[in-house]
Amino acid sequence: MHRRHVFPVSTVLLVAANLLIPVAIVVFALGFFPYKPFLPGLAEYQPLQYGPPPEAPFDRLIFMVIDALRSDFVYLDGSGFEFTQRLIADGVAVPFTAHATSPTITMPRIKAITTGSTPSFLDAILNFDEADTSSTLAVQDTWLAQMKAKKAGKLVMYGDDTWLKLFPGVFDRADGTSSFFVSDFTEVDNNVTRHISDELRNDDWNTMVLHYLGLDHIGHKTGPRGPNMVPKQREMDGIVRIIYEAMETQPHLQSTLLVFCGDHGMNDAGNHGASSPGETSPALAFVSPKLKSISKPVKVPADFAEDFQYYGVVEQSDLAPTLAALLGFPIPKNSLGSFMLEFLPFWPEKHDKLQILMRNARQILDIVAATYSASSSVGKQHSIDCSRPGSLAEELTCEWQGIGDMAGKSSGGDLDDGWIMDVSKWLSKTQTLMSSMASNYDMPMLAYGELAATVASVAAVYAVAISTAMGAASLVPFALITVLYGIMMFASSYVEEEQHFWYWATSAWLLYLAIRSIPKARHRSFIRGLIALGAMRLIRGWNQTGQKFAGEPDIVTTFVASNPPLLWCLVIATYSMVFLQLFNCLRSIPTAISGSLIAGLVTSAVSFKLAFTNEDAPELIVGFAKTLVDVFDGPSLVNRARAVFLGLGLTSIYPLYNLVIPGARASIGDAMRTLHHLYTLFALTQSRVTNVPLFLLFQAIFWCLSRLDLGAAEVTISSLLLQFSSFFAMGGSNAISGVDLSNAYNGVSGFNIVAVGVLTFLSNWAAPVWWTSASNLLLLKSRRSNTHMHGSAYKQHASILTVFVTVTLGFVMVACTALRTHLFIWTVFSPKYLYTMAWSLGQHLVINLAFGGLLYWIGCG
């Protein structure tokens, strides 16, 4: 009997390859991003021959975090921190620049500050999940846990609710605020400030944590030089003044230490997450009238420093041992910090200084021993041959033996400053060694992940090879793009500036298509080629992205944002284009009905965009835009967004009805174009207002491509190139700081991981998804003009995209494995792997295959 409906081998291989993609990604990630082990339990004072621990000069701590407080915001001339600068000049505030290691985002930085350790890079992922509780520090040793263990008072916290997630049940009083409503500059900070006066009058606490978010939100919105930045700095400086004056006047605050700092900085674009000097250089200041007796005079304001390093430079992890000595508790067990020598003069007796440094050194030596004892003789000091140490760890152990012997031969009274400097250098050297052990890679898991990606690649390539519909010549450009892109993954500079590869490759491809079509329609092809290349040139220069030149002048900053009337003319032109296209596609509906429906939908979308911009970037609302904002004044942003989404959903019912019900009035082509233009309106809603005009340029390129006779392979190559180019043109990058959260809460009144996750992806990948929809229209056109293709057009399209994803995924995995000891592994290659995950799982599997396949299926009738 003849068996029917058996899937071809190429289809089976294609399905297998795509099923292996998430398997490869997850397996490799489990080996690449493991949780770091830590020493359990709370540290206790160990007996030393030099007596009990020295007396602490402070008994209360006010720890104030100003999110994204870059060092120059506090220390340079023109800063809004005028009162703080006077405190520094008077010697009652000691300033530092605290180096923040990558990833420079809140959760891992708070972990470093409180534990003194180097957080796992996996915290960068968990940072975006407000519902996550797996990253808690409830069972780890921190200075918060030590202050609670003292039982000398309550712990209170106001501000970023990341602290509540990290320290569940630790605070006796708390009021958390969400860190992801980035359009909120004021209420998010007022919710913190309103508690301060009452708490300063209370005397039942020994630790108060404040975490202000407004300055960080302003940075994300308008950059470090935005109009709201200095006023926000003055507001924060006012909080410092309130606290300091209370410390001076209220008896129960006489021995209170105020520490205020940034958890990270920001780059010139106002973002953070990577390792540029601006992102890794937050300010840190210790404030108390008691500091006047030990501080040294410094220049205020400081001279400009291009690397943002002002005054003393310390590591954020140094806070843990320093606070331990200043407040009188044992150093947290997992701390890799080194005591800040600037505070040693608090203890005039040298045996006290000896105690502080010896306890710091022995605590770090315990970590070295715990880390290396299984594989070396570290921890068994007498078995080490110090004439020939076998490792850097053994070398450090031998150096410590010499330093310890020198201290042991003395009572501490005759130790000179040279010994103190030797200990400080040893601590720094050990800190560098242990901090570099950022991850314990699971090499078998890495190998299994790479193997799965390789098998997927072979299956996808074979599926393309045995497809009779595609000639080898048509795939030469694709093969060249894939191989060059894969090789590029081994160079950090190319990964950081990946956008240039896509810009040039796309321009070259559009030029090739234009030249190829000239013999068929010489004059018109030449004009269309110029239009496409001109549009691509504008797209390339629209947003300056990447790492090295972020914040440099581009079309948006130079011409658009600086000229709001021009911006709004372009925005209105874009929405008008969508209106006309929808009106044309719904011509089967009576004009009065379709015109009213579309006008209401587009008007609600424009109303939302105006209202959102008025909250997000009010400096752009001028002239007739201000008039329109006043006209549309009324509903909240959440309700406006919901109205747009509801209108889009209801309007999409008509084209879907025409596609599903045989014999419907509208043509299939009109119905598919209607869905595409409805998505365009959604993409405009999820895009920054300055990026809205880019969709005019995308439409110009699409129009040029639709006039060409493209095969499935050419449509796929065009789609691939334009998806990546448009992603970077919209401001995307390979840095965590490139994730735009400004539209993640459109229509959402509170945190919902599914809704916010979907909206975050669709706002950052709005343009690539648009090109998925546009490519589907080109595929359907190719299918209609080549009747012999029928269902093979989409299969060819999916096969080529799968080859690119599987092959480049393998390249990225191999690059991360081969360069796992590279200086930039956590700042360049690890974020690139995260983006590769998003491109492979989100854009490829969900958008290109599932969403694109659904559109193609219903478009085929």
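Start by selecting Phe-526, Ile-527, Leu-530, Ile-531 and Trp-703, which make a nonpolar surface patch of about 460 Å². The model on screen is predicted. Now colour helix 19, residues 522-542: this helix gives the most to the nonpolar patch, with four residues. Leu-530 is one of the residues in helix 19.

**The whole chain**

Zoom out to the protein chain. Its secondary structure comes to 31 helices and eight strands. Of its 861 residues, 59% are buried. The chain exposes about 33900 Å², and carbon and sulfur atoms supply 61% of that area. Among contacts with a separation of 6 or more, 78% are between residues 24 or more positions apart.

Eight of them form an open sheet with mixed pairing, in the order 4-3-5-1-6-7-2-8. Which strands stand at the edges? They are strand 4 (173-177) and strand 8 (312-315); each has a single partner strand, so one side of each is left without a neighbour in the sheet. From one strand to the next, the twist averages 20°.

Select strand 1, residues 60-66. Seven of its seven residues are buried, so strand 1 is largely enclosed by the rest of the structure. In a regular strand, side chains alternate between the two faces of the sheet. On one side of strand 1 are Arg-60, Ile-62, Met-64 and Ile-66, and on the other are Leu-61, Phe-63 and Val-65; all are buried, and both faces are covered.

Strand 6 (residues 256-261) runs parallel to strand 1 and is joined to it by six bridges; here Ile-62 stands opposite Leu-258. Strand 5 is also parallel to strand 1, with six bridges between them, and His-211 in strand 5 is the bridge partner of Val-65.

For an antiparallel pair, select strand 2 (residues 93-99) and strand 7 (residues 283-287), which pair over five bridges. Ala-93 stands opposite Val-287 in strand 7.

Select helix 8, residues 187-201. Helix 8 lies across strands 1, 3, 4 and 5, and runs at about 160° to strand 5. Show the side chains of Asp-175 and Arg-194: they form a salt bridge, with the closest N and O atoms 2.7 Å apart. Asp-175 lies in strand 4 and Arg-194 in helix 8, so the pair ties together parts that are 19 residues apart in sequence. Asp-175 is partly exposed, with a relative accessible area of 22%.

**More salt bridges**

The count of salt bridges comes to 18. Select Asp-268 and Arg-225, whose closest N and O atoms are 3.7 Å apart in a salt bridge. Asp-268 is in the loop between strand 6 and strand 7, and Arg-225 is in the loop between helix 9 (214-222) and helix 10 (229-249), 43 residues apart.

Move to Glu-498 and Lys-832, whose side chains meet in a salt bridge (2.8 Å, N to O). Glu-498 lies in the loop between helix 17 and helix 18, and Lys-832 in helix 31, so the pair ties together parts that are 334 residues apart in sequence. Are these two residues buried or exposed? Both Glu-498 and Lys-832 are buried.

**Last stop**

Finish at Ser-763, in helix 28 (residues 753-764). Ser-763 counts as buried, at 8% relative accessibility. Leaving out residues up to four places away in sequence, Ser-763 touches Gln-686, Asp-740 and Asn-743.

Notes. Residues are numbered from 1 along each chain as its sequence is written. This is a predicted model: local features need pLDDT of at least 70, side-chain atom pairs count only at pLDDT 80 or more; totals for chains, interfaces and linings use all residues. Side-chain values use heavy atoms; hydrogens and water are left out. Patches are made of residues with over 30% relative accessible area and no salt bridge: like charges are joined within 9 Å, nonpolar side chains (Val, Leu, Ile, Met, Phe, Trp, Tyr) within 5 Å. Accessible areas come from the Shrake-Rupley method with a 1.4 Å probe; for residues, only the protein chains shown count as cover. A salt bridge is a side-chain nitrogen of Lys or Arg within 4 Å of a carboxyl oxygen of Asp or Glu. Helices (H or I, at least four residues) and strands (E, at least two) are DSSP runs, numbered from the N terminus. Two strands pair if DSSP finds at least two bridges between them. Axes are lines fitted to C-alpha atoms, for helices over the stretch in contact, and angles run from 0 to 180 degrees between N-to-C directions. Contact means heavy atoms within 4.5 Å. Buried means under 20% relative accessible area, exposed over 50%, partly exposed in between (1.4 Å probe, protein chains only).
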